[in-house]
Amino acid sequence: IRDIARVELAPDERRGLTELNGEGEVVSGIVMARYGQNALEVISNIKEKIVEVSAGLPAGVTIETVYDRSELIHRAIETLKRTLLEESIIVALVCFVFLLHARSALVAILMLPVGILIAFIAMRLLGMTSNLMSLGGIAIAIGAMIDAAIVMIENAHKHLERLPEKHSGSDRAEAMIAACKEVGPALFFSLLIITVSFLPVFSLEGQEGRLFSPLAYTKTFAMAGAALLSITLVPVLMMLFIRGKIMSEAKNPVNRFLIWVYRPIIAGVMRWKKLTILLAVVAMAVSIYPASRLGSEFMPTLNEGTLFYMPTSLPGMSITKAAELLQTQNKIIKSFPEVASVYGKAGRANTATDPAPTEMFETVINLKPESEWRPGMTTDKLIAELDKALQFPGVANSWTMPIKARIDMLSTGIRTPI
């Protein structure tokens, strides 16, 4: 070959680069968690190791985090915790308003945390983690969990109302035991039926199965726990807490108002049976058109708090031009007040699992808390403004979120839904 050309050793051609905040190239690394590991524990361990390694770095060299999923996990769990607390408070208020007896309401209220604890114990024994879907199953179950306790308490109130004015403690205890025996078996099996209703979810496979099985498990555990507590703990709590004078249903102002509204409606419905059925059929027929116009999706989009910008350009882009374009894009993105940091990658990393060409960019845009955004700004408006500002000849923009992008690419083979 030396007869017709110059032969010399040269470095391998660069196939990728990374850039941060529009300030220039940086060296970067991606941490991959093993399958089935707890993401929060992995991230916590990484942060500890970074602190340990940082002490030995040369002067002026720092390790910056450009994408931290723990913030999303904590935010999702806090949302569910707040929802669970709100549901518990609403249930307690409803119990008190309709029973007008604080101690009776306590029976139903105290059953909730014990039932949820049973679900957590079962999760622990099966090695399940507290995540968005598993806690969602508990949130769904809360309303049904307390039904048995409310029915049993109300039945006990009815039995106590029938007692003579001067009755002994043993008469009161016998009345409550009789009330529990009367409705206990039916309530137990009704809760078991609700528990069984989620069994078809366990037959889901693939992505759907992995996504919804934690929800089905926790709802099943919570409902099974509620069924057990309805015939064990609830009767004991009733004996302890239901004391003092019990107000009859006829004297409860809320119940009296509802009965006053309900009686003429039910009387009219029973009088005009055919007209009632006809109106129900008409209402169902009218709802067909709007129902057909509704869109459908497998799962609502989760706001991850981070945007993922994935533009592509024409094939054959040089590494120099890719670096110039990537830095320009990141500088424009960082100029938006809602953006905390922007990290871009062009091409592939030094691994066989990342075959991206140089003209394919992946940019992670970390956003500030929404309280620091401009008034009236939303995620959709921000994406529209960013897209308008990032119009370059020969560059096709694509906007999504990091986790959503990976799920879409794994399930469909393309970057964003069609």
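This is a predicted model: local features need pLDDT of at least 70, side-chain atom pairs count only at pLDDT 80 or more; totals for chains, interfaces and linings use all residues.
**Note on the sheet, pocket and cores**

1. Lys 345 stands opposite Glu 362 in strand E4. Strand E3 covers residues 339-347 and strand E4 covers residues 361-367. The two strands run antiparallel and are joined by seven bridges.

2. The whole sheet is open and has five strands, in the order E1-E3-E4-E2-E5, with antiparallel pairing. Its edges are E1 (16-20) and E5 (399-400), each of which pairs on one side only. When you trace the sheet on screen, note that the order of strands across it is E1-E3-E4-E2-E5.

3. Next comes the pairing of E2 with E4. Strand E2 consists of residues 306-309. Four bridges connect E2 with E4, and the two run antiparallel. Two positions can be checked by eye: Leu 307 faces Ile 365 in E4, and Tyr 309 faces Thr 363 in E4.

4. How many residues of E4 are buried? Seven of the seven are, so the strand is largely enclosed by the rest of the structure. Both of its faces are covered. One side carries Phe 361, Thr 363, Ile 365 and Leu 367, and the other carries Glu 362, Val 364 and Asn 366. The buried list therefore includes Glu 362, which falls under the cut-off of 20% relative accessible area. E3 is likewise largely enclosed, because eight of its nine residues are buried.

5. Thr 306 belongs to E2. Its relative accessibility is 9%, and the limit for buried is 20%, so Thr 306 counts as buried. Setting aside neighbours within four places in sequence, Thr 306 is in contact with Val 364, Ile 365 and Asn 366, and also with Tyr 67, Met 401 and Pro 402. Val 364, Ile 365 and Asn 366 are among the buried residues of E4.

6. The elements giving two or more residues to the lining are helix H2 (70-99), E3 and E4. H2 gives the most, with five residues. The pocket has a volume of about 580 Å³.

7. Asn 330 deserves a look. This residue sits in helix H11, residues 319-334. Is Asn 330 buried or exposed? Asn 330 is buried, because its relative accessible area is 0%. Beyond residues up to four places away in sequence, Asn 330 touches Glu 19, Leu 20, Asn 21, Gly 22, Val 342, Tyr 343, Gly 344 and Thr 363. Of these, Thr 363 is one of the buried residues of E4.

8. Asn 350 makes a contrast. Asn 350 lies in the loop between E3 and E4. With 85% relative accessibility, over the 50% limit, Asn 350 counts as exposed. The C-alpha atoms of Asn 350 and Gly 16 are 334 residues apart along the chain, yet separated by 8.1 Å.

9. In soluble globular proteins, nonpolar side chains tend to be buried together. Here the largest nonpolar core has 48 residues, and those with the most contacts inside it are Met 145, Met 238 and Ile 242. The elements that supply two or more residues to this core are H2, H3 (102-125), H4 (132-145), H5 (147-161), H6 (169-196), H7 (206-230) and H8 (233-241). H3 has the largest share, nine residues.

10. Leaving out residues up to four places away in sequence, Ile 242 touches His 101, Ser 104, Ile 153, Ala 156, His 157, Leu 160, Arg 172, Met 176 and Leu 237. A second, separate core has 23 residues, including Tyr 309, Ala 323, Ala 346 and Leu 390. Tyr 309 is the residue that stands opposite Thr 363 in E4.

Methods
Residues are numbered from 1 along each chain as its sequence is written. Side-chain values use heavy atoms; hydrogens and water are left out. On a 1 Å grid over the protein atoms alone, a cavity is a set of points where a 1.4 Å probe fits but cannot get out, and a pocket is an open set with protein on both sides within 12 Å along at least five of seven lines; lining residues have an atom within 4 Å of a point. Grid points are joined across faces, edges and corners, and a volume is the space filled by probe spheres set on the points. A nonpolar core is a set of buried Ala, Val, Leu, Ile, Met, Phe, Trp, Tyr and Cys residues joined through side-chain atoms within 4.5 Å. Buried means under 20% relative accessible area, exposed over 50%, partly exposed in between (1.4 Å probe, protein chains only). Contact means heavy atoms within 4.5 Å. Two strands pair if DSSP finds at least two bridges between them.
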